[in-house]
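Student: I would like to go through this model by question and answer. Please keep it brisk.

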Amino acid sequence: MIWNEPKECMSQDEMRHLQNIRLKSTARRVFHNVPFYRKKMQELGIEPDDIKDIGDIGKLPFTTKQDLRDNYPFGLAAMPRSEFVRVHASSGTTGKPTSIPHSRKDLDMFAECVARALCCAGATRNDVVQVSYGYGLFTGGLGLHDGATRLGATVIPASGGNTRNQLTLLQDFGSTVLACTPSYALYISEALADAGIDASKLPLRIGVFGAEPWSAEMRAKIEDGLQIQAFDIYGLSEVMGPGMSNSCEAKDGLHIAEDHFYPEILDPDTLKPLPDGEMGELVFTHLTKEAMPLLRYRTRDLSSLSRGGCVCGRTNVRMSKVKGRSDDMLIIRGVNVFPSQIESVLLEIPEAKPHYMIVVDREGALDTLEVQVEIDERHFSDEMAQIGALRGRIKHALDSALRVGTKVTLVEHRTIQRSEGKAKRVIDRRKI
Ligand code: DLL
């Protein structure tokens with residue numbers, strides 16, 4: 001089923017037409033209502049009338065997370081505070097947090113996009129959706145909650161954590177859809193096995209996982225562990241939250257709700273647009289947001305776009321699975337390394353569990369990259385020779401995939417901390 005066929009299956013020309021109208025209106029609104037944008041546009045020598053269609057988007061200024069921090073909490077709002085019906089915020093591990101206000105219409109659009117996303121994953125009003133993303137300022141919990149409610153499904157507002165209780169809810173309420181981070185889904189599948197619960201006997205059938213990068217290999221592991229079909233849901237709180245895009249039955253990229261968020265892929269260094277199919281930084285411009293519309297928000301997420309029909313029938317542009325963030329990229333002795341590459345290699349090794357930690361350090365002038373990997377209990381041996389051979393095999397696979405020398409440390413089952421939300425997989429000691 002397609003939630004909003006008129007919008008999700010529009011011809012490219014019709015979509016272009018809609019985007020042209022909406023971009024012009026957004027440019028006009030921010031120019032008149034947000035001093036920050038008026039100033040930026042004046043500095044660039046442009047006026048709202050210079051924006052005639054989407055082709056003019058390159059004339060508009062960029063927005064960065066730093067701009068949001070500098071204008072914390074509501075300096076970029078295009079409406080008075082009395083029009084906000086909810087405010088979300090990002091945790092702000094580095095410096096000040098960012099806050100994102102929503103009007104009633106914005107929350108309506110949010111619920112609509114998440115309903116589309118759930119439908120894209122195959123959920124219907126007959127499903128029982130267990131929302132195990134954290135509730136609160138983070139957009140995962142409330143975002144999925146409102147979207148599943150809009151879909152007409154039965155919502156179980158579990159929130160993250162208390163894993164034993166998650167298992168009870170899965171069993172007692174017969175949840176058919178699980179929404180959480182992929183790392184938490186993995187943890188739940190492990191906890192089910194530990195509790196002797198056969199996942200194939202549960203009614204659970206669909207997973208809607210996102211909020212962090214995860215590889216195709218990880219998806220296969222989760223699908224196997226939970227005996228479900230797993231889908232990718234993407235979004236960021238500054239622009240909206242989950243549901244900006246979602247993968248469909250083709251599992252070949254994520255359809256973007258491009259009637260609300262106009263995507264561009266730019267070279268992160270030159271900020272010049274890249275052709276479809278090329279990997280670069282994803283940048284979004286709001287087309288309908290009321291409370292705080294953003295122009296060309298730089299996500300730092302690396303992805304590529306592809307257009308053209310999809311087996312699911314949707315025509316909305318697709319973004320590839322996010323490879324990582326440009327600021328997650330590790331530069332090890334001059335070589336670019338993404339944590340997602342390490343994950344893909346490890347999951348190809350049958351003895352390795354999908355739990356790992358990457359530790360970057362510096363010895364003298366030289367960067368070191370250590371990968372700690374959990375080994376399946378059945379393969380943990382007292383024989384030094386066997387352990388040595390396994391370590392050697394993993395190191396060889398990593399070194400040749402990454403083109404940089406690694407140190408591999410094998411650790412016992414359950415040594416690496418499990419995550420109930422976004423997983424932290426990199427410790428970079430060079431910065432300390
Ligand atoms: O993580 C919103 C969300 C909640 C998305 C639940 C999906 C599910 P933030 O906390 O602002 O918002 O973090 C946004 O998380 O820029 C990406 O780097 C990353 N991210 C989100 N979804 C995915 C995904 C939420 N499916 C940041 N794959 C984004 C890879 C993702 N990375």
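Student: In strand E6, what is the bridge partner of Ala-179?

Tutor: This is a predicted model: local features need pLDDT of at least 70, side-chain atom pairs count only at pLDDT 80 or more, and totals for chains, interfaces and linings use all residues. Residues are numbered from 1 along each chain as its sequence is written, and side-chain values use heavy atoms, with hydrogens and water left out. E5 and strand E6 (residues 206-210) run parallel, joined by four bridges; two strands pair if DSSP finds at least two bridges between them. The partner of Ala-179 in E6 is Val-208.

Student: How are the helices and strands named? And which hand has the β-α-β unit of E5, H8 and E6?

Tutor: Both are DSSP runs numbered from the N terminus: helices are H or I with at least four residues, strands are E with at least two. A crossover is right-handed if, with the strands pointing away from the viewer, the path from the first strand over the helix to the second runs clockwise. The unit of E5, H8 and E6 is right-handed.

Student: Which residue of E5 is the bridge partner of Val-129?

Tutor: Strand E3 (residues 128-131) pairs with E5 in the parallel sense, over three bridges. In E5, the partner of Val-129 is Val-177.

Student: Are the side chains on the two faces of strand E5 buried or exposed?

Tutor: In a regular strand the side chains alternate between the two faces of the sheet. In E5 (residues 177-180), Val-177 and Ala-179 are on one side, Leu-178 and Cys-180 on the other. Buried means under 20% relative accessible area, exposed over 50%, and partly exposed in between, with a 1.4 Å probe and protein chains only. Both faces of E5 are covered, and these four residues are all buried.

Student: Which strands are at the edges of the nine-strand sheet?

Tutor: The sheet is open, its pairing is mixed, and its order is E4-E3-E5-E6-E7-E8-E9-E14-E13. An edge strand here pairs on one side only. The edges are strand E4 (154-156) and strand E13 (305-306).

Student: At about what angle to E3 does helix H6 run?

Tutor: Helix H6 (residues 139-151) lies across E3, E4, E5 and strand E7 (229-234). Axes are lines fitted to C-alpha atoms, for helices over the stretch in contact, and angles run from 0 to 180 degrees between N-to-C directions. The angle of H6 to E3 is about 170 degrees.

Student: Thr-139 is in helix H6. Which residues does Thr-139 touch beyond four places in sequence?

Tutor: Thr-139 has 4% relative accessibility, so it counts as buried. Contact means heavy atoms within 4.5 Å. The residues touched are His-88, Phe-110, Leu-144, Ser-237, Met-240, Gly-241 and Pro-242.

Student: At what angle do helices H7 and H8 pack, and how do the contact residues divide?

Tutor: The axes of H7 (residues 163-172) and H8 (residues 182-194) are 10 Å apart, at an angle of about 75 degrees. That makes H7 roughly perpendicular to H8, a class that covers 65 to 115 degrees. H7 contributes Thr-163, Gln-166, Leu-167 and Leu-170, and H8 contributes Tyr-184, Tyr-187, Ile-188, Ala-191 and Leu-192. With Ala, Val, Leu, Ile, Met, Phe, Trp, Tyr, Cys and Pro as nonpolar, Asp, Glu, Lys and Arg as charged, and the others, Gly among them, as polar, the contact has seven nonpolar, two polar and no charged residues.

Student: Why is one side of E20 and of E21 left without a neighbour in the four-strand sheet?

Tutor: This open sheet has mixed pairing and the order E20-E19-E18-E21. The twist averages 20 degrees from one strand to the next. Strand E20 (407-411) and strand E21 (426-428) stand at the edges, so each has a single partner strand.

Student: Which residue in E19 is the bridge partner of Met-357?

Tutor: Strand E18 (residues 352-363) and strand E19 (residues 366-375) run antiparallel, joined by nine bridges. The partner of Met-357 in E19 is Gln-372.

How values were computed:
Angles under 35 degrees count as roughly parallel, over 145 as roughly antiparallel, 65 to 115 as roughly perpendicular and the rest as oblique.
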